[in-house]
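Please read this report with the sequence and the model side by side. It looks at how the chains are arranged and how they meet.

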There are 4 protein chains.
Amino acid sequence: MNATTLLPDVQSRADSRNLAIDKVGVTQLPFSFCFASTSDNQALPQNTVGSVDLFVSLPPQHKGTHMSRFVQLLRDWEQPLSYVAMREICLLARERLDARRACGTLRFPYFVNREAPVTGESGQLQLRITVDVSVGDCEELIVTVSGPATSLCPCSKEISTYGAHNQRCELTASVKFHADCEIGVEELFEMMERSASNAVYPTLKRVDEKHVTEAAYDNPKFVEDIVRDMAQTLKADSRIAWFRCGSENFESIHQHNAFAQIEWPESRKDAW
Amino acid sequence: MNATTLLPDVQSRADSRNLAIDKVGVTQLPFSFCFASTSDNQALPQNTVGSVDLFVSLPPQHKGTHMSRFVQLLRDWEQPLSYVAMREICLLARERLDARRACGTLRFPYFVNREAPVTGESGQLQLRITVDVSVGDCEELIVTVSGPATSLCPCSKEISTYGAHNQRCELTASVKFHADCEIGVEELFEMMERSASNAVYPTLKRVDEKHVTEAAYDNPKFVEDIVRDMAQTLKADSRIAWFRCGSENFESIHQHNAFAQIEWPESRKDAW
Amino acid sequence: MNATTLLPDVQSRADSRNLAIDKVGVTQLPFSFCFASTSDNQALPQNTVGSVDLFVSLPPQHKGTHMSRFVQLLRDWEQPLSYVAMREICLLARERLDARRACGTLRFPYFVNREAPVTGESGQLQLRITVDVSVGDCEELIVTVSGPATSLCPCSKEISTYGAHNQRCELTASVKFHADCEIGVEELFEMMERSASNAVYPTLKRVDEKHVTEAAYDNPKFVEDIVRDMAQTLKADSRIAWFRCGSENFESIHQHNAFAQIEWPESRKDAW
Amino acid sequence: MNATTLLPDVQSRADSRNLAIDKVGVTQLPFSFCFASTSDNQALPQNTVGSVDLFVSLPPQHKGTHMSRFVQLLRDWEQPLSYVAMREICLLARERLDARRACGTLRFPYFVNREAPVTGESGQLQLRITVDVSVGDCEELIVTVSGPATSLCPCSKEISTYGAHNQRCELTASVKFHADCEIGVEELFEMMERSASNAVYPTLKRVDEKHVTEAAYDNPKFVEDIVRDMAQTLKADSRIAWFRCGSENFESIHQHNAFAQIEWPESRKDAW
C-alpha cells in the first residue's frame, strides 16, 4: 500500500448538485514538441514551442477530475504531434479520465520558407497554428492557420493621381476536412496567401523590393476581395468540408483595422 | 456637385464572384464613452475607455462596404452606451450601410466598489465587460462579465496537516436574457463571485486579511465546484435564457491553470 | 484599542539580512481617473482608465512595507491626475510609508481629435501615455507618448515605376522637461506626428483618402528620417531637457518591423 | 552588372541633418533556433522559437541602413545560439553594416525539468529568457531569466487562526557576469527559485500536493523576503558582476500584484 492510497481522494467523491460539467481540465500548459504537418510526412516534422488546453466532460455524480493525469499524458507522448496525434491525445484523455467526451486545443508557431521573387533570397515566415479537437458525442477537428500578407487599396489607387495606401494584413482560415482528408499547414497558407495583393517576404533585396511594390500596385484588393478570393479557393478544394476565412488589414491611413469574414457552408454540423 | 461625387465609387461597383460576405467592417476602434449598466439607471453611468468591432453583411452583388460610415456612426452617438444602445448602434449600421444583418462587439473595463469585510475600507475592482450584438436574421445579445476571485483547493486542505494552496482565479460568464429582461454587470458579477471560495478586495487591513484568509479556508472549492455553484445561481434566475460560465484558476503550485466550464441549455437558439 | 492593534504587525519587525530594497509596492492596480494634460488647464481634463505601479524604497532594518496604504492613497486622491499630481502621489507615498524614495508609473489611453484634411470630418485618435516619476535621492519625471502615423518608403518609391510600400507606424517619445517647464500630451504628439510621412485619421471620406494617399507619396520617409526629424523638433524646443524618440514601422512587405531610435543628450542626469 | 546595381541606393546617400542614430534595425523578427545554455555544453542544446531585435548605430552622414542584411545574417547563422553566439551576431552586424556599435535582444522560452518532491514524477517548466548584447563603445551582456514559483504570506499565516493566503509569483533576475564567467539559465533559475516559499511543479500526485502545501506553509515569505534572499544568493556568487532581481506576486486576495526589486551594485558600469 503506497502513501497515495492513504490520503483521501476528494475528487472521486459524490456530488449532489446534479450538474454535468462540459469541460474541465488544464489551460496554458507550456509545451515543447515536434509537429508533423501532414500524415504522409511530405514536410519534415518541425520543432516548436506552444501551449495546450486539454479538457474532459464530467458527469453530475463526480465531484472532480484528476488534473495531474492531463499533464502526465502530454509529458508521456513521445511521437511528433499532428492533427491525428492531437485527436489520439484527446481519445487518451477521455480514456484515462474515464470521461464521455474530451477536447483540446494546441497553439504553436510554425515556420515556412519564402524566397524573394527576383533574387530568390530565402527566409522564414512564421505562421500561427491552432488545432482544436473534440472526441465523444461530437467529433470535430478544426485547423486554424494565420499569417501575414500585403493588401493594397483599390479605391485609394483609383482615386489618387499617384500612389495607393497599402499595409500588412493578417489572413486567418479555420478549416474542417472531409473524412480521410487533410491539408498540411504549408499548403493551406499557400492557398490563403494567393488571395492577398501580394505575399510578404523575410528577405528582399532592392530588385525584389521594386518587384513587390509594383506587383501589389498591379493587384489591388479590398479586404472584401481578399476574403472572397480566399473563400473561392477553399470552396473549390474537395478535401474541405467547412471553413471560416478572414482578413484583418492594419490600415496604414487609420488607427483601426478593416476586417471581413466568410463562413461556408453556414452550418458546420456535417464535417469531421 | 461636391468633390466626392467626381471621384469613382469603387466600393459600389458590381461583383461577379457570387459570394456573400458574412461580416465586413472595422475592428479595434478605440472608443471613449459612458456606460449605463442598466436601463433603469439604478447604477450611475460610468466613464470608460474600450474598443469596438462593428460589421455588416454584404450581398454577393456589391464589391465593398463603406468603412468610414462605421466610424462616423460611433463618433456621432451621443447618449451613454448600454446593452440596448449597442443594439441600436447595430440597427443604425444595418440601415446606414443598407445591409441585411449587422453585428458588433464592445469591450471595456468597468469598476465596482468592494468594501473590506471587517473595516469596511472601500476600493475599486475592475471587471472586463464584452457586449456582443447581432441584428437581422439572427437577433442575439450576449453579455460577458469577467473578474477576479479567490479559490482554495479542498483536496490540498484535506490531505495536508496544515495550510491549503489557494490562488487568484478569473470568473467569466456569458449570458443571454429572456425578452424584456436584463441584468446589470454589477449584479451579474455579484452572482458569479459568490461561487468562489471568497471575493478579492482592493483594500484590506490586517483584521480584514485575517478574515479573508480564514473565510477562504472555511470555504474550499475545486474549479468544478465554482462553476457548478455559478451555474446553479444563474440557472435559478428567471431573467436568464442561456449562459456559459467558467473559472480559470491560476494554480499557486503549478505554472498551468485549472479550468472548468458549463453551458446551459446546450442550444442557445431560443434566446434574445 | 481596536482589533488591528491586537494582531501582530509582522511587516514592522526587524530584518537582519542587511539588504535595502530599491522598490517595493503594488503593480497593475486598475485605476479610473480624470487626466489634466497641462497645468494651465488649456486642455479639458479627460476621463480615462489606466493602471498604476507605485513603490517605495525600504531600508535594511525593516522587514516589510504596508501594501494597503498604496491602495488607500490612490483611492483617496480626489483631484484630476496630471504630471504634477503624479509627483505629489509619490511624495505622499514616501511620507505615508516613511520611506526615503518613492516612484510610480501611470499608464493610460488618451484621446485627441483629428480632422480629415479635406472634408474636416472629425474623429478620435487614441494615444498611449506613460508617466514615470521618482522622488527622493533622484528626482525624475519622464512622460512617454505613443501613437500611430503613416510611413512611406523612399527607396520603394524611387526604384519602382509606380507605387511605394507604406504602412502604419508607431511613434514613441519619452521626454524630460527643464525645471518649471512642461508640454501637454496633445502638443507633444503633434510635434512627433509631423515627422512621419503623414498623420493617420479616424474618419476619411473619398476626397480625404485621395489627399492622404498623395500626401504620403509626396513625403516619403525612412524610419531613419522619421526619428531624425522628430529629434530635430524635440531638440529645438527649449522646454525639453532630455528625450528618447523612436518609430516602429509595421512594414507592409515584411512580417518583421523596422525601428530607429535617438536619445539626446546621451546622459539624462541633469533634468528634472 | 546585375539588376541591383542599376537601381539607385537611396539608403547610402548623404544626410545633412547632422544627427547620429543610436539604434536602427529590425524588431520582432520571428526566429526558430537551438539554444546552448552554457559554453561547455553541460546542458544539451534545446530547440526553441523566439524573436530577435537587431540594431546598429548610424553616423550623421548616412541616410539609411540596409535592413535586409540583418535578416540575412540571422538566417545564415548555423550554429546553436548562446550568450557568446549572440555577441558574435552583434559583432557581425556591426561589421556587415559598417557601424560603430551594434546591439540586439533575443527572447525565447526555455524548458527545465522539475521532479515532484515525493513521487519524483517529472514534467517541464517553461522559463522566459532574454539575452541583451551591445558591442562597440559600450560592451554589455545582460541575461534575464523569468519563471514561476509559490509565495505564502507570513502576515496572513501569523494573524490567522488557520490557513494563509498563497499565490503564484513570477521571479525575474537580470545578470551581468565578470569577464570569462557565465552561468547557464538552468543554474540561474535554481538560484532564484530557492528564494520563494516553494518551487512550482508541472506534475503533482496527492502525496506531492500534501508535501508542497505543507512546505510552503512552513516557509512563509513576503515579496520583500523573496527578493532579499534572491539578492543574497546572487551577491554571493563570484561570477556575477551586477544583477537586478525582482518578484511579482499575483496576490490571491487582491486584483493587483505585490512587487519588490533589488539592484546591485547601484552602478552597472564596470561589468561585461
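## The model and its confidence

This is a predicted model, in which local features need pLDDT of at least 70, side-chain atom pairs count only at pLDDT 80 or more, and totals for chains, interfaces and linings use all residues. Residues are numbered from 1 along each chain as its sequence is written, chains are lettered from A and ligands numbered from 1 in the order in which they are written, and side-chain values use heavy atoms, with hydrogens and water left out.

The predictor's confidence in each residue, called pLDDT, runs from 0 to 100; its mean for chain A is 94, and 96% of the residues of that chain reach 70 or more. Over residues 268-272 of chain A, however, pLDDT stays under 50. For the complex, the predictor gives an ipTM of 0.93 and a pTM of 0.95.

## How the copies are related

Two copies of a chain are related by a rotation about an axis and a shift along it.

## Where chain D meets chain C

Contact, meaning heavy atoms within 4.5 Å, joins 53 residues of chain D to 53 residues of chain C. Because 100% of the interface residues of chain D are also interface residues in chain C, the copies meet through the same surface.

The buried area, which is the accessible area (1.4 Å probe) that two parts lose on being put together, summed over both, is about 4,400 Å² between chain D and chain C, and carbon and sulfur atoms give 55% of it. In chain D, the residues that lose the most area to chain C are D:Arg17, D:Leu19 and D:Arg228, together 17% of what that side buries.

## Charged pairs across the interface

Between chain D and chain C the count is 10 salt bridges, each a side-chain nitrogen of Lys or Arg within 4 Å of a carboxyl oxygen of Asp or Glu. One of them joins the side chains of D:Arg17 and C:Asp229, at 2.7 Å from N to O.
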